[in-house]
Amino acid sequence: MPADSSSPQRCVALDSMRGFVMLVLASGGFGLGALIKEPRFQSVASQFHHVKWEGLIIWELIMPSFMFMVGASLPFALARRAALGATFGDNLRHAALRAFKLILLGQFLTTLHAGRWRHEPYETLTQLGLSYFCCFLILQLRARWQPVAAAALMLVNWGLYVLFPGSAGPFSPGDNIGVVIDKAVFGLNHAGSWATINFLGSTVTVLAGAWTGKLLLGPTTQADKLRVLLGAALGCLGAAIALATLNPIIHKAWTVSFTFWHTAFVVLGVAMFFWFFDLRGWRRPAFPLVVVGMNSIFIYMLMQMLRGWLDRSLAAFTGRFQFLGAIAPAAQALAVTLIMWYACYWLYRRKIFFKV
C-alpha cells in the first residue's frame, strides 16, 4: 500500500538494521551459506546453518533479530497512531488484526512449502504474531512492571522445561516439554526442532526491541541514547555469561541464556548503526539497506515463495557461475539476492510499502 517514506519519526538506524538482517537472511549470509559443501569454506559456511540443538552461531541470531526489529518499530507506529487520535481500543484491534495476519501468513507459507494443508504454530511469522500481540499488551503496563512481566515470561519458559524434563533432562531434544505439548495439542512430532511455547521467550525479544524503539524515539540526546544502548548490550552479555552454565544456549527452545545472548548482539548492532548513520550522519551508505528495511515483510515473503524459482530462472543465464569454481554457489546466491533487492528498490522508488 502507498505510504509516506519521509516521516520525521523514522530512525535510519532501525530501518537500515532491519534491512541488513533481511539481506543476510535472504542471501544465506551473503552467499557464504551456499559454500557448505566446499571443505575449504565449511568452517565459515557453517555459521549460516542452524546448529542441531545447543550452541550459538551467526545464523541463530537472524530470526531473533527479525523479531527484535519488529518490536523496535512498534513505539513509532503507536506514536503515529496517537497523533491521529487512536484510542486504546483502536490500538488493541489493530494489534490483534496484525497478529492474526502474521499468523495467517505463517500458516500459508507452511502449507505452500509442504504442498498440502499443514499447520505449524512454531513457524517464524506465526511465532512473531503471538509474540507481537503479547508485547503490545505488556507495553500497556506501567514502565516499572514491564521488566517484571518479561522476567515472569522467561521464568515460566525455564520452569516448564525444568519441571517436566525429558529422557535426557530438562532440555532433552527429542522429548522436552515443548515437543510433548505440541504432540498432545496439535498432533505434531518435531523432536529436536522448535516448539510453540517458544513464544514465551520470543515475546521478551520483541519487547526488548520495543524498549529500544522507545529509547530512540525519546527526547534524550543522541549521545545518551548511544550510552544506554551500549550499557544494555553489556548488561545482557553479562547476564548471558552468568546464566549459560545453568541454562544452556538453545535457539530451538528459546532459553533464557539464548535470549540474553542474542539481545546483547542485536542491541550492539543497533548501537553501531545508530552511531554510524544517526549520530555521525553518514546517511548515504544506509540507502541500500533502508530500501530493504522499509519493505521487510515483502522481501521475506518473496524469499519464501519465489527464491527457488528465481534461482532456477537465473541459472539459465548465469550457468550458475561455474567458471568461478568453488565460490560459484555464493555468486549465484548473491545474484538471486540482487534481484530481490531490486524488487524492493522498484517499490521504494514508487513509495509502495507492504505492511501487515
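**View 1. The second largest pocket of this predicted model holds about 610 Å³ of space.** Welcome to the first close-up. The lining of this pocket is made of 20 residues, and those nearest its centre are His50, Glu123, Thr124, Tyr300 and Gln304. Helix 3, helix 4 and helix 12 are the elements that each give two or more residues to the lining of the second largest pocket. Sorted by class, this lining has 11 nonpolar, five polar and four charged residues.

**View 2. The largest cavity has a volume of about 40 Å³.** The count of cavities of 30 Å³ or more comes to one. To find the largest cavity, look for its lining residues: Leu74, Ala77, Leu78, Arg81, Asn91, His94, Ala95, Tyr132 and Phe136. At least two lining residues come from each of helix 3 (62–83), helix 4 and helix 5 (124–139). Helix 3 supplies the largest share, four residues. Six residues of the lining are nonpolar, two are polar and one is charged.

**View 3. Phe108, Leu112, Met305, Leu306 and Trp309 make a nonpolar surface patch of about 480 Å².** Two elements give two or more residues to this patch, namely helix 4 (88–114) and helix 12 (296–318). With three residues, helix 12 gives the most to the nonpolar patch. Phe108 is found in helix 4. Because its relative accessibility is 40%, Phe108 counts as partly exposed.

**View 4. A salt bridge joins the side chains of Arg93 and Asp90 in helix 4.** The N to O distance between Arg93 and Asp90 is 2.7 Å. Both residues lie in helix 4, three residues apart, or about one turn of the helix. Arg93 is exposed, with a relative accessible area of 56%, whereas Asp90 is partly exposed at 27%.

**View 5. Asp224 and Arg227 form a salt bridge through their side chains.** The N to O distance here is 2.3 Å. Asp224 and Arg227 are about one helical turn apart because they stand three residues from each other in helix 9 (residues 222–243). Asp224 has a relative accessible area of 32%, so this residue is partly exposed. Arg227, with a relative accessible area of 54%, is exposed.

**View 6. The side chains of Asp311 and Arg320 meet in a salt bridge.** Look for an N to O distance of 2.9 Å between Asp311 and Arg320. Arg320 counts as partly exposed because its relative accessibility is 32%.

Key. Residues numbered from 1 in each chain as written. Predicted model: local features only at pLDDT ≥ 70, side-chain atom pairs only at ≥ 80, totals over all residues. Heavy atoms only, no water. Patch = residues over 30% accessible without salt bridge, like charges linked within 9 Å, V, L, I, M, F, W, Y side chains within 5 Å. Areas by Shrake-Rupley, 256 points an atom, 1.4 Å probe, with all protein chains shown as cover. Salt bridge = Lys/Arg side-chain N within 4 Å of Asp/Glu carboxyl O. Buried < 20%, exposed > 50% of the residue type's maximum accessible area, 1.4 Å probe, protein only. 1 Å grid on protein atoms, 1.4 Å probe; cavity = no way out; pocket = protein on both sides within 12 Å on 5 of 7 lines; lining within 4 Å. Points joined across faces, edges and corners; volume = space filled by probe spheres on them. Nonpolar A, V, L, I, M, F, W, Y, C, P; charged D, E, K, R; others polar.
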